[in-house]
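Hi,

Here is the structure I said I would pass on.

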Amino acid sequence: MKALVGANLIDGTGAPVVNDTTLLIDGERIVAVGPQAAVELPPNTEIINVKGYTLLPGLIDCHDHLASKGYELSDRWGLTEPVSLQHLRTAKVLEQTLAAGYTCVRDGAWLDVGFKQAVEEGLYPGPRLVLSVAIISPTGGLGDHVCGAGHHKPWGDNPLLPPGVANGVDGVRAKVREMVRVGADVIKFATTGGASSRQGHGPKDIAFGADEVKALITEARALGRKTMCHALGGPGLRMAIEQGAGSIEHGCYLSEDPDLLKMMADQNTFFVPTFEIYEFHSTVSAPHMVERAKALMRVHEESMHQALAAGVKVVPGTDAGGYVHGDNAREIELLVERGMSTMQAIQAATGWAAECVGLQDDIGTLTPGKLADLLVVDGDPVRDIGVLRDQKRFKLVMKGGDDFVNNIAAPALQPVG
Ligand SMILES: [Zn+2]
């Protein structure tokens with residue numbers, strides 16, 4: 001066994017910091033945690049001295065695109081580089097993201113199951129992965145790849161992955177089954193356009209009918225999958241919530257329909273605002289995307305305030321992929337900049353996020369029985385949330401009891417007693 005001794009503990013449940021703790025790990029799981037005096041160490045426990053540092057659960061990104069590298073159409077369509085090189089870049093992104101303290105990522109499309117298998121086999125380091133594989137939408141929707149000139153690309157970034165387009169109740173049910181067949185852990189779908197979607201399919205334009213969304217969610221549930229729905233505003237957003245989507249991705253215009261927030265709170269629908277991507281789009285994307293992103297920023301922030309007031313769990317998702325990878329904690333900082341308390345933002349990125357991605361029995365809080373996915377930092381993120389972005393301060397990143405980052409002096413052995 002091994003024990004982290006002396007840290008100030010943030011356990012991910014929202015409870016206040018406990019100073020001077022011990023966390024005992026047996027293999028990949030936590031067996032005991034609490035004030036030092038309350039945790040007895042078995043003989044020959046490896047002691048890791050983390051006195052004065054902060055210990056918190058490994059961070060969770062509820063919406064990433066690990067395999068995406070930019071918004072340039074030629075990159076998005078995979079036209080500029082051989083597939084092998086693209087895959088190696090993606091592997092590097094997995095490693096970078098784990099080094100950023102992210103021990104779990106829910107991928108919002110285009111990462112295939114081979115990456116997850118490689119991580120689980122220990123072939124390559126990366127976060128635990130919850131995959132959606134592709135975005136399901138109708139013809140002309142978010143998952144349908146068309147360019148401004150009218151060219152159409154029927155497959156996703158990887159020609160071996162199923163395309164996301166499905167129409168009609170039967171088509172949608174079959175598509176859900178197809179996604180599960182290729183390894184989807186969660187079913188991603190889109191009921192509106194977005195900031196980065198084609199001209200003519202904007203943030204409040206609806207995609208799918210209620211019968212299709214109902215069939216999709218019913219089929220996903222039958223196969224034991226949660227759902228995540230890209231929806232920004234208007235009737236498509238309402239439809240997704242009314243039909244019971246597991247999480248709303250982006251949800252920028254939620255505050256325009258406050259009754260939806262109550263519905264989300266009642267049915268425990270998570271809200272993943274993804275502020276980071278709009279910060280990006282509002283400055284550097286194509287003109288129609290800049291315009292859309294600027295238009296929604298204030299209402300988006302208001303949506304978060306109202307969601308929290310209504311009791312909706314708001315969790316961080318970066319929507320990384322179009323821009324830099326490995327700075328995922330910027331999203332946690334943005335949650336704080338837009339009005340969350342630091343402790344609430346940490347809970348959002350750990351305990352709540354684990355619930356959102358469906359892994360709450362195994363990760364998200366540092367409590368006995370959970371996997372030892374954790375982060376030790378030199379600094380106090382409750383006082384300065386920016387500490388979570390500063391990898392120079394990272395002392396330990398551990399996943400399932402194994403160190404990935406370890407900048408701590410060599411451990412001592414507890415004498416046999
Ligand atoms: Zn996304």
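**Helix 4 and the zinc site**

I'll start with the packing: the buried residues of helix 4 are in contact with strand 9 (135–136), strand 12 (186–190) and helix 5 (210–222). Keep in mind that this is a predicted model.

Which residues of helix 4 are buried? They are V172, K175, V176, M179 and V180. Looking down the axis of helix 4, you'll find these buried residues within an arc of 135 degrees, so they line one face of the helix. Turned away from that buried side is a face with the exposed residues D170 and R181.

As for its geometry, helix 4 covers residues 168–181, which makes 14 residues. From first C-alpha to last it reaches 20 Å, close to the 20 Å expected at 1.5 Å a residue. Just after helix 4 comes G183, with a positive phi of about 105 degrees.

Now to the metal. The zinc ion has H63 (NE2), H65 (NE2) and D319 (OD) as its protein donors, at 2.0 to 2.1 Å. Along the chain, the donors are spaced as H-x1-H-x253-D. H63 sits in strand 6 (residues 59–64), while D319 belongs to the loop between helix 9 (287–310) and helix 10 (330–337), so this pair ties together parts that are 256 residues apart in sequence. And are H63 and D319 buried or exposed? Both are buried.

That's what I have for now.

Cheers

Technical notes. Residues are numbered from 1 along each chain as its sequence is written. This is a predicted model: local features need pLDDT of at least 70, side-chain atom pairs count only at pLDDT 80 or more; totals for chains, interfaces and linings use all residues. Side-chain values use heavy atoms; hydrogens and water are left out. Helices (H or I, at least four residues) and strands (E, at least two) are DSSP runs, numbered from the N terminus. The expected span of a helix is 1.5 Å times one less than its number of residues. Buried means under 20% relative accessible area, exposed over 50%, partly exposed in between (1.4 Å probe, protein chains only). The arc is that of the directions from the helix axis to the C-beta atoms. Contact means heavy atoms within 4.5 Å. Donors are N, O and S atoms within 2.8 Å of the metal (3.2 Å for Na, K and Ca); water is not among the atoms, so sites may look incomplete.
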